[in-house]
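Dear colleague,

Please find below the structure that I am handing over to you. My findings follow it, and I would be grateful if you read them with the model open.

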Protein chains: 2
Amino acid sequence: MPEDSTPKGSLYGLGIGPGDPELLTIKAHRILTSVPVIAYPTMENGKVLARAIVADFIRPEQIEIPMPLPFSVERSSQPYYDLGAEKIAEHLAAGRDVAVLCEGDPMLYGSFMYIFNRLADRFHTEVIPGISSTFASAAMLGAPLTYRNDVLSIMPATLDADTLRDRLAVADAAIIIKLGRHFAKVKSVLEELGLFDRALYIERATLPNQTIKPIASVEPDQVPYWAIVMIPSETKPS
Amino acid sequence: MPEDSTPKGSLYGLGIGPGDPELLTIKAHRILTSVPVIAYPTMENGKVLARAIVADFIRPEQIEIPMPLPFSVERSSQPYYDLGAEKIAEHLAAGRDVAVLCEGDPMLYGSFMYIFNRLADRFHTEVIPGISSTFASAAMLGAPLTYRNDVLSIMPATLDADTLRDRLAVADAAIIIKLGRHFAKVKSVLEELGLFDRALYIERATLPNQTIKPIASVEPDQVPYWAIVMIPSETKPS
């Protein structure tokens with residue numbers, strides 16, 4: 001048979017949740033354990049933990065494609081995604097389904113979207129939503145987030161202080177992600193807006209080393225990338 | 001033994017996702033199939049479909065507590081939640097674990113939070129995050145939502161036009177939920193902000209009768225409550 005008659009494989013963007021392997025969906029688990037090829041981003045500084053979350057589900061006969069990402073945000077990630085997409089495309093063209101592991105949900109601030117933008121027009125692509133660490137944090141904190149007419153805003157701590165202040169000022173509830181070395185800035189904005197006493201703090205939600213502590217006791221230079229600050233709605237209808 | 005030495009049951013707020021039963025997490029499925037008592041809201045107008053999502057997982061020997069909610073938003077739901085919480089508390093006090101079914105995620109705009117606020121201080125309570133229809137819609141639409149420094153805002157269509165306009169104007173990406181009879185208002189605000197051409201429309205994401213259509217072709221008087229409008233980020237880094 002000529003090569004171009006080979007049925008192409010399907011690309012799966014697999015949301016695998018915030019860290020607890022039991023928070024995979026039944027669907028993500030089914031696809032993960034049935035595809036011949038698994039791809040996932042890797043980074044030396046520990047900002048990527050996708051493979052670790054599902055390590056117990058991966059079988060030795062599955063082909064793995066680690067996709068290294070640049071450590072520094074200053075370095076362009078474009079060639080890294082080009083290379084990863086090319087490796088994935090080879091398997092898809094040969095008829096093998098490929099699942100790309102995505103921490104949390106694939107469509108939110110995720111590396112999968114760069115693969116999606118490179119391949120979704122050439123191969124059948126399906127995105128499996130996953131539990132986002134944002135909402136998982138609310139569950140772990142026991143903090144109802146939004147009621148009725150509330151507006152919820154999700155924003156990265158990497159924003160400059162002015163933008164953070166403006167966006168937080170009009171949100172009924174907010175989740176600030178990717179804290180890391182930006183904690184001091186976030187704290188000062190929250191204090192300025194009178195939100196600091198309402199704010200909750202959590203590190204590595206749903207992972208074995210999850211930590212919840214009063215935000216006032218957080219040491220700004222000890223905050224990991226995987227920390228979240230949450231401001232639940234004050235609306236408390238009975 | 002005196003009655004008060006009976007070990008109390010645990011209360012589970014169980015996120016069961018947007019509609020596809022395969023989008024339950026492994027954890028939610030485990031708890032759902034092992035608790036002796038299951039509670040869920042019911043409403044005659046079809047705005048509640050929690051039990052239908054997991055119908056195939058429920059066993060005949062499990063005790064079910066339907067919790068009726070008022071049809072009209074004008075009627076106070078307080079006595080309904082009081083009654084539901086009281087029924088749940090009886091089982092917990094008798095040592096039986098109770099799982100409350102929550103469409104999507106329990107901490108977002110959900111009826112579970114009213115049960116949580118009534119019982120979490122008296123009984124051991126665990127919240128299991130679920131796939132929210134907001135992010136599931138992005139997956140079904142194949143629409144990457146947010147990159148890098150983007151701010152995402154989630155808001156109900158029930159807001160007045162001025163508030164909708166102000167919140168949308170400062171969001172990099174937005175999800176508007178609970179559309180129903182509010183579609184015409186939302187459409188006019190989106191047109192005013194020049195966002196209408198970017199907006200995507202989906203009904204009943206992940207359910208068998210899911211419908212995706214161009215937003216320009218939507219008939220305002222045919223929009224169900226379970227419809228979502230999404231404005232993905234314009235940030236498209238390579």
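Which residue with a positive phi follows α7(B)? The residue is B:Gly194, and its phi is near 70 degrees. Please keep in mind throughout that this is a predicted model.

**Helix α7 of chain B**

Helix α7 of chain B covers residues 183-192, and its buried residues are B:Phe183, B:Val186, B:Val189 and B:Leu190. Around the axis they cover an arc of only 130 degrees, which places them on the same side of α7(B). In chain B, the partners against which the buried residues of α7(B) pack are α6 (161-169), β7 (173-177), β8 (200-203) and β10 (227-231).

**Helix α3 of chain A**

Helix α3 of chain A (residues 78-93) has 16 residues, which at 1.5 Å a residue should span 22 Å; the distance of 22 Å between its end C-alpha atoms agrees with this. Buried in α3(A) are A:Tyr81, A:Gly84, A:Ala85, A:Ile88, A:Ala89, A:His91 and A:Leu92. Seen down the helix axis, these buried residues fall within an arc of 160 degrees, so they line one face of α3(A). They pack against several elements of chain A, among them β1 (11-15) and α4 (112-119). After α3(A) comes A:Gly95, with a positive phi near 90 degrees.

B:Tyr109 is not a glycine, yet its phi is positive, near 50 degrees. B:Tyr109 sits in the loop between β4 (98-102) and α4 (112-119) of chain B. With a relative accessible area of 16%, B:Tyr109 is buried. B:Lys178, also not a glycine, has a positive phi of about 55 degrees, and its place is the loop between β7 and α7 of chain B. B:Lys178 is buried as well, at a relative accessible area of 17%.

**The cores and the two chains**

The largest nonpolar core contains 86 residues, and A:Ile88, A:Leu152 and B:Ile88 have the most contacts inside it. A second, separate core has 44 residues, including A:Leu23 and B:Ile16. The contacts of A:Leu152 include A:Phe135 and A:Ile175, as well as B:Leu108, B:Tyr109 and B:Leu152.

Chain A is superposed on chain B by a rotation of 180 degrees with 0.0 Å of shift along the axis (RMSD 0.0 Å). That is the relation of a two-fold axis. Moreover, 100% of the interface residues of chain A are also interface residues in chain B, so the copies meet through the same surface.

Yours sincerely

Key:
Residues numbered from 1 in each chain as written. Chains lettered and ligands numbered in written order. Predicted model: local features only at pLDDT ≥ 70, side-chain atom pairs only at ≥ 80, totals over all residues. Heavy atoms only, no water. Core = buried A, V, L, I, M, F, W, Y, C linked by side-chain atoms within 4.5 Å. Buried < 20%, exposed > 50% of the residue type's maximum accessible area, 1.4 Å probe, protein only. Contact = heavy atoms within 4.5 Å. Least-squares fit on C-alpha atoms with pLDDT ≥ 70 in both. Helix = DSSP H or I, 4+ residues; strand = E, 2+ residues; numbered from the N terminus. Expected span 1.5 Å × (residues − 1). Arc of directions from axis to C-beta. Lists of a residue's contacts leave out its neighbours within four places in sequence.
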